[in-house]
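Me: I would like to go through this structure with you slowly, asking at each step what a term rests on.

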Amino acid sequence: KKAKKAEEKQDRQAKLAQVHDEAVAAENRELVGDAFLLGEVLERRPGQALVQLDSSAEAQLPAELLAKLRRRAAELAGGSEASLIPLRFGDAKGVNLQKGVKLQFRVFSSSTSNTIGACEAQALATDSPKLAPKAKPKTKLNETKGKAEAPQPKMDAKQLRAARAAARGEQKQLLEAKSKRAALLAERMEKKKAALASSDAAPPIEVGDASSEQAPSAAAC
C-alpha cells in the first residue's frame, strides 16, 4: 500500500510539473533584473502563496512595477496596501510555503498575461528545520523532602576501603544480633520443654473407692 501511494504521489507531482511548465511557456516570461529579492510568505492559497516583499526588495524594483504590485495586492488581499507578489507552488520546488517562511526569489513579468510574479524561490537558511534540543536527564527527587538530591562526591581508594569496612562491620553486627535472638529463642524453648517434662513426672493423685467415702453406718455409732 505504501509503495502504491508513493507511486500515485509521484504521478500527481509529475502532472502538476508538466502543467506548470506549459503555463510558463505560454506566459513568455521575462526576468526583472538578475538579483534575488527577499520576502516572507503572508498567506497560502490554492496553487500559490502571497509573498510580502522586504523593504530592501521594494527599493530594487522599478517604481512603475511596484505600483502595479500594490494595485494587484489590493485586489487579492482586500484593500491591502502591502507590496505582495504571487508565487506559484511550481516556482518554489521543494519549499514548504507556510505562513512566515522567509524566501529569496526572482521577479518576472509576462507580456502575454500582463502579470507579475515570483519564480526560482528558495527558502533562506535561517528557515531550515532546526534540530530539537536534547532533553536534559530528569533529576531524581527525594521522596521524603521533595528536593533534588545533591550529586554524591567521588571517593578515593582509601575512603572506598573505609566505606567497605564500615559496611562489613554493620553486616557483622546484624549477624550477631540475629544469633543472639536465635539463642534466646532456643533457651526459652528448652525452658518450656523442661517445665512440661517435670509436670509429666509428678505422681498422679489417687482417688479412693466410693464405698470408703460413704458416711459411717449406724452400727459404728
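**Pockets and confidence**

Reply: Twenty residues, that is 20, line the second largest pocket, and those nearest its centre are Arg-72, Pro-86, Asn-114, Thr-115 and Ile-116. This is a predicted model, in which local features need pLDDT of at least 70 and side-chain atom pairs count only at pLDDT 80 or more, while totals for chains, interfaces and linings use all residues. Residues are numbered from 1 along each chain as its sequence is written, and side-chain values use heavy atoms, with hydrogens and water left out.

Me: Why is this called a pocket, and what makes a residue part of its lining?

Reply: On a 1 Å grid over the protein atoms alone, a pocket is an open set of points with protein on both sides within 12 Å along at least five of seven lines, whereas a cavity is a set where a 1.4 Å probe fits but cannot get out; a lining residue has an atom within 4 Å of a point. Arg-72 is therefore counted in the lining of the second largest pocket.

Me: Which helix gives the most to the lining of the second largest pocket?

Reply: Helix 3 does, with six residues, a helix being a DSSP run of H or I with at least four residues, numbered from the N terminus.

Me: How do you know how confident the predictor is in the chain?

Reply: The pLDDT, the predictor's confidence in each residue from 0 to 100, averages 76 over the chain, and 75% of the residues score at least 70.

Me: What is the volume of the largest pocket?

Reply: The largest pocket has about 380 Å³, where a volume is the space filled by probe spheres set on the points, joined across faces, edges and corners. Among its 15 lining residues, Leu-16, Ala-17, His-20, Phe-89 and Gly-90 are closest to the centre.

Terms used. Helices (H or I, at least four residues) and strands (E, at least two) are DSSP runs, numbered from the N terminus.
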